[in-house]
Structure formats: structure tokens, C-alpha cells
Amino acid sequence: MSVTISSLLLDRIVALAAADDREICGLLLGAAGCIEAIGPATNVAADPARHFELDPALLIAAHRAARLGGPSVIGHYHSHPSGVAVPSATDAACATPDGTLWLIVAGEKARLWRAQPGQGGTVAFVEALLDIR
């Protein structure tokens with residue numbers, strides 16, 4: 001399954017990641033199969049150089065706005081400043097196998113993953129095609 005994103009949105013995420021040596025993060029907003037907007041978030045992790053944690057206030061506000069007719073929260077993005085654009089062991093430990101999208105940026109590379117149920121209650125990340133328009 002492919003997911004559409006505009007080149008402007010993707011370029012903005014990559015630029016946010018390039019401007020910070022810590023992990024950046026934010027929400028992916030839209031509908032099934034289409035990332036329509038992003039919601040940059042403060043990384044409130046105890047060690048933002050190695051981990052990310054979305055600001056819970058932003059997440060609650062985004063879900064509240066979606067219930068009132070705004071775009072749905074379909075996933076999130078974050079960066080791996082000194083790694084690769086694949087889910088880490090920490091990502092897997094923190095993920096829920098609910099089909100949400102994980103857009104990971106490392107350098108100029110961005111890859112999209114879907115968190116799905118794995119064996120024994122674990123999370124399996126399946127790469128999704130990112131359709132850049």
C-alpha cells in the first residue's frame with residue numbers, strides 16, 4: 001500500500017531534522033493513504049539525543065481536533081540523527097501494532113513504516129511505499 005505526501009511536507013520534515021542534532025518528532029495528519037499535514041512536536045524525552053517522546057499535550061489536542069472534524073492522526077515522524085531510517089529496537093519496544101505510520105528520517109533519507117502485529121504480541125514494521133507528489 002502506498003501513502004501519498006507532498007514534496008513540500010517531506011522537505012519540511014527533512015529540514016527540521018537537519019536543523020537539530022537531537023531527534024525531532026511530530027504528527028502525521030490526514031486520511032488513509034494520504035499525509036495531508038504535519039504537526040511538529042516538542043521532543044519531551046529524557047534523552048532527546050537518543051530517543052523521542054511526543055509532547056502529550058499536542059497529541060491530545062490533535063485527537064480532540066480530529067473528533068471535531070479536523071484531520072485524523074495517522075502516525076508520526078521522527079529522526080535518527082546518527083542512524084538509519086529504519087525502526088530501532090527502542091522504536092519497536094515503544095510501538096503499538098495498530099497500523100499507524102512511522103516516517104523516519106536519517107540525513108536526506110526518509111522511509112515510511114507501518115506498525116503491525118507481529119508474532120507473540122510484538123510489533124512488526126512493514127515498509128510502505130512513500131508516494132511523493
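Which residue stands opposite Gly 26 in strand 4? Point 3 takes this up.

1. Basis. This is a predicted model, in which local features need pLDDT of at least 70 and side-chain atom pairs count only at pLDDT 80 or more, while totals for chains, interfaces and linings use all residues. Residues are numbered from 1 along each chain as its sequence is written, and side-chain values use heavy atoms, with hydrogens and water left out.

2. Helices (H or I, at least four residues) and strands (E, at least two) are DSSP runs, numbered from the N terminus. Buried means under 20% relative accessible area, exposed means over 50%, and partly exposed lies in between (1.4 Å probe, protein chains only).

3. Pairing. Two strands pair if DSSP finds at least two bridges between them. Strand 2 pairs with strand 4 (residues 72–79) in the antiparallel sense over 6 bridges; here Tyr 77 is the residue opposite Gly 26. Strand 2 also pairs with strand 3 (residues 34–41), again antiparallel, over 7 bridges. In that pairing, Leu 29 stands opposite Ala 37. The hairpin of strand 2 and strand 3 has 2 residues between the strands, and Gly 33 in it takes a positive phi near 85 degrees.

4. Cysteines. A disulfide is a pair of cysteine sulfur atoms within 2.5 Å, and the structure holds 0 of them. Cys 25 is buried, with a relative accessible area of 2%, whereas Cys 94 is exposed, at 59%.

5. Nonpolar cores. A nonpolar core is a set of buried Ala, Val, Leu, Ile, Met, Phe, Trp, Tyr and Cys residues joined through side-chain atoms within 4.5 Å. The largest has 19 residues, and those with the most contacts inside it are Ile 13, Leu 28, Ile 35 and Leu 103. Elements that each supply at least two residues of this core include strand 1 (2–5), helix 1 (7–18) and strand 7 (123–132). Helix 1 gives the largest share, 5 residues. Another core, of 16 residues, lies apart from it, with Cys 25, Ala 62, Ile 104 and Ala 106 among them.

6. Ile 13. Contact means heavy atoms within 4.5 Å. Not counting residues up to four places away in sequence, Ile 13 touches Ile 5, Ile 24, Leu 28, Ile 38, Tyr 77, Leu 103 and Val 105.

7. Glu 23. This residue is found in the loop between helix 1 and strand 2. Glu 23 is buried yet has no salt bridge, and the nearest side chain of opposite charge, Arg 50, is 7.9 Å away. A salt bridge is a side-chain nitrogen of Lys or Arg within 4 Å of a carboxyl oxygen of Asp or Glu. For charge, Lys and Arg count as positive and Asp and Glu as negative; His and the chain ends are not counted. Leaving aside neighbours within four places in sequence, the contacts of Glu 23 include Asn 43, Arg 50, Phe 52 and His 78.

8. Arg 111. Arg 111 lies in strand 6 (residues 109–117) and is partly exposed, with a relative accessible area of 24%. Beyond its neighbours within four places in sequence, Arg 111 is in contact with residues including Trp 102, Leu 103 and Glu 127.
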